Amino acid sequence: MQTIASGVGDLKKVLSNVKNRGIIGEIQLGAILEEILSPEQYDREVATVPRSSNHVEFAVKLPGNGDGSFVYLPIDSKFPGDTFAALQDAYDSGSPEAVADAKKQLAAVIKKCAKDIRDKYVSPPYTTNFGIMFLPFEGIYAEVVRRSALLEDLQRNYKVVVTGPTTLAAILNSLQMGFRTLAIQKHSGEVWTILGAVKKEFEKVGGMLEKAQKNLQTASGQIEEVLGTRTRAIQRKLKDVDTLSDREARAILPEIGILTEEDEKAES
């Protein structure tokens, strides 16, 4: 128990530092993005507004007009740890007045964080018309979303959507599915174009094959005429003609060639 208490005390010391809390939120946000999206789908520490010195922790690249352009969706982590701890203490005290005051203080801090995101990082058409506030712990996120009026105010007046680890993962998964759908549509268009070209080539090949088939049929008919009808007619005419020997035939038709030994043996 002493070891556990010591560890909790060390954790409180870490979380009591505003800079450390910010680093923890940024690390957790980066881990979620890295797990769901590919590196080319988001940027880190980017100025979403041109010529601005303000750099948002992360910005997701959303496809633009289909010409390779994109717009940024800014995501910034906020960790109002002190305000949330004060609210927890108020709950433990059992005082309704203390709880109400702590809730008002938390709402004010969340609105200030939302205003900071809107003013620094949201600037259409370079970005979406809203930004995302990431709260790294589900307890803080649950406390914020419990107040529907606060959420509506953040979305309507500050153009900011509040997320926790689970809801941010769900949003990023939805975006990832959208990216895949866009990729499929793009490649489907390319495949359709290729199929159109292949279809045209097949039409040409079909015409060439049909022409070749006709030529083969014509040649086959000519060969049949030469080897069949005409050959039989010539044989009938020559049937009564005496057959000469090879030597006599070569004497009359010298272009046949000289009589070889094999021809003489065959003749004898």
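1. A crossing of two helices is called left-handed if the near helix is turned anticlockwise from the far one by less than a right angle. With that convention in hand, the note below concerns a predicted model, and in that model the crossing of α3 and α4 is left-handed.

2. Helix α3, spanning residues 81–93, and helix α4, spanning residues 96–121, have axes that come within 8 Å and cross at roughly 165°. Angles over 145 degrees count as roughly antiparallel, and α3 and α4 are therefore roughly antiparallel to each other. On the α3 side the contact is made by Thr 83, Ala 86, Leu 87, Ala 90, Tyr 91 and Ser 93, while α4 contributes Ala 98, Val 99, Ala 102, Lys 103, Gln 105, Leu 106 and Val 109.

3. Of the 268 residues in the protein chain, 28% are buried. Among contacts in the chain with a separation of 6 or more, 59% are accounted for by residues 24 or more positions apart.

4. The largest nonpolar core has 29 residues, and those with the most contacts inside it are Ile 110, Met 133, Leu 135, Val 144, Leu 154 and Val 162. At least two residues of this core are supplied by each of β2 (56–63), α3, α4, α5 (138–145), α6 (148–157) and β5 (160–163). The largest share, ten residues, comes from α4, the helix whose contact with α3 is described in point 2.

5. Ile 110, one of the residues with the most contacts inside the largest core, touches Pro 80, Met 133, Leu 135, Val 144 and Leu 154, if residues up to four places away in sequence are not counted. A second, separate core is also present, with 16 residues that include Tyr 42, Leu 73, Ile 75 and Ile 132.

6. A last point concerns Ala 170, whose place is in helix α7, residues 165–237. Ala 170 has a relative accessible area of 43% and is therefore partly exposed, a class that lies between the limits of 20% for buried and 50% for exposed. The C-alpha atoms of Ala 170 and Ile 36 are separated by 9.7 Å, although the two residues are 134 residues apart along the chain.

Methods: Residues are numbered from 1 along each chain as its sequence is written. This is a predicted model: local features need pLDDT of at least 70, side-chain atom pairs count only at pLDDT 80 or more; totals for chains, interfaces and linings use all residues. Side-chain values use heavy atoms; hydrogens and water are left out. Axes are lines fitted to C-alpha atoms, for helices over the stretch in contact, and angles run from 0 to 180 degrees between N-to-C directions. Helices (H or I, at least four residues) and strands (E, at least two) are DSSP runs, numbered from the N terminus. Angles under 35 degrees count as roughly parallel, over 145 as roughly antiparallel, 65 to 115 as roughly perpendicular and the rest as oblique. Contact means heavy atoms within 4.5 Å. A nonpolar core is a set of buried Ala, Val, Leu, Ile, Met, Phe, Trp, Tyr and Cys residues joined through side-chain atoms within 4.5 Å. Buried means under 20% relative accessible area, exposed over 50%, partly exposed in between (1.4 Å probe, protein chains only).
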